[in-house]
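Visitor: Please show me the structure and take me through a few of its features.

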Amino acid sequence: MALAWSAASADESSPHYYLGLQGGRNNLNNWNADVSLGAGVTLPGKVNLDQGTQGGLILGRQTEHARYEIEYQHGSFDLQAINLGSQTQAVGGSGHYDALTLNAYRTESLSESISGYLGAGIGFGKTKLPGAGFSSGCHCFPAASGNGLTYQLRAGLEYDLAAPHKAFIQYTLLSLPGPDSGSNPGVEYDRKQIGIIGLGYRYIFH
């Protein structure tokens, strides 16, 4: 991030601004948790998830070798099963996450029409998982939500379609705060890092 900011400061003569959007798939397939059953009893648990969709909007500023932007991302996923000890049960429901970050990238031209970028972002995120329980009567995974620090690393390739249009493909490693039911008995999920492969579009303007 420091490299990107330094490059931007050194090349203030030709700044451009841009709007963009991106969408893709996340690799969420499980989420570990500590499940409290009351009376001081806590067991390791897990929810199995179905990989979901991800989308985002960006507004930024770029110079010859740097970009910095504000980005909003939203992702969703579906629950498939809950696991506690030796017990597993299929369940339904869906969860989601939101992230608002400030990002900075170092950019380099790789050819006349292709460039690459590498950078990071930091900001605020929210996560939410629905409640689920076993048919035996134990509602061991109540609804949970959380918010807090979110950060990400990102690398991508961008193709010049025709001025001022650009298309890109990127991989993002996003770290999200773990949701918590806030109750006892209840459930507390770990912080989660997820990978996201996405495609996107940027429109450049002065």
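Guide: A patch here is made of residues with over 30% relative accessible area and no salt bridge, with like charges joined within 9 Å. This is a predicted model, where local features need pLDDT of at least 70, side-chain atom pairs count only at pLDDT 80 or more, and totals for chains, interfaces and linings use all residues. Residues are numbered from 1 along each chain as its sequence is written, and side-chain values use heavy atoms, with hydrogens and water left out.

Visitor: Which residues form the negative surface patch?

Guide: Asp and Glu count as negative. The negative surface patch is formed by Asp34, Asp180, Glu188 and Asp190.

Visitor: Where does aspartate 180 lie?

Guide: Strands are DSSP runs of E, at least two residues, numbered from the N terminus. Aspartate 180 lies in a loop, the one between β10 (165-176) and β11 (186-189).

Visitor: Is aspartate 180 buried, partly exposed or exposed?

Guide: Buried means under 20% relative accessible area, exposed over 50%, and partly exposed in between (1.4 Å probe, protein chains only). Aspartate 180 has 34% relative accessibility, so it counts as partly exposed.

Visitor: Which cysteines does the disulfide join?

Guide: A disulfide is a pair of cysteine sulfur atoms within 2.5 Å. A search of the whole structure finds one. With S to S at 1.7 Å, it joins cysteine 138 to cysteine 140.

How values were computed
Patch = residues over 30% accessible without salt bridge, like charges linked within 9 Å, V, L, I, M, F, W, Y side chains within 5 Å. Areas by Shrake-Rupley, 256 points an atom, 1.4 Å probe, with all protein chains shown as cover. Salt bridge = Lys/Arg side-chain N within 4 Å of Asp/Glu carboxyl O. Charge placed at Lys NZ, Arg CZ, Asp CG, Glu CD. Helix = DSSP H or I, 4+ residues; strand = E, 2+ residues; numbered from the N terminus.
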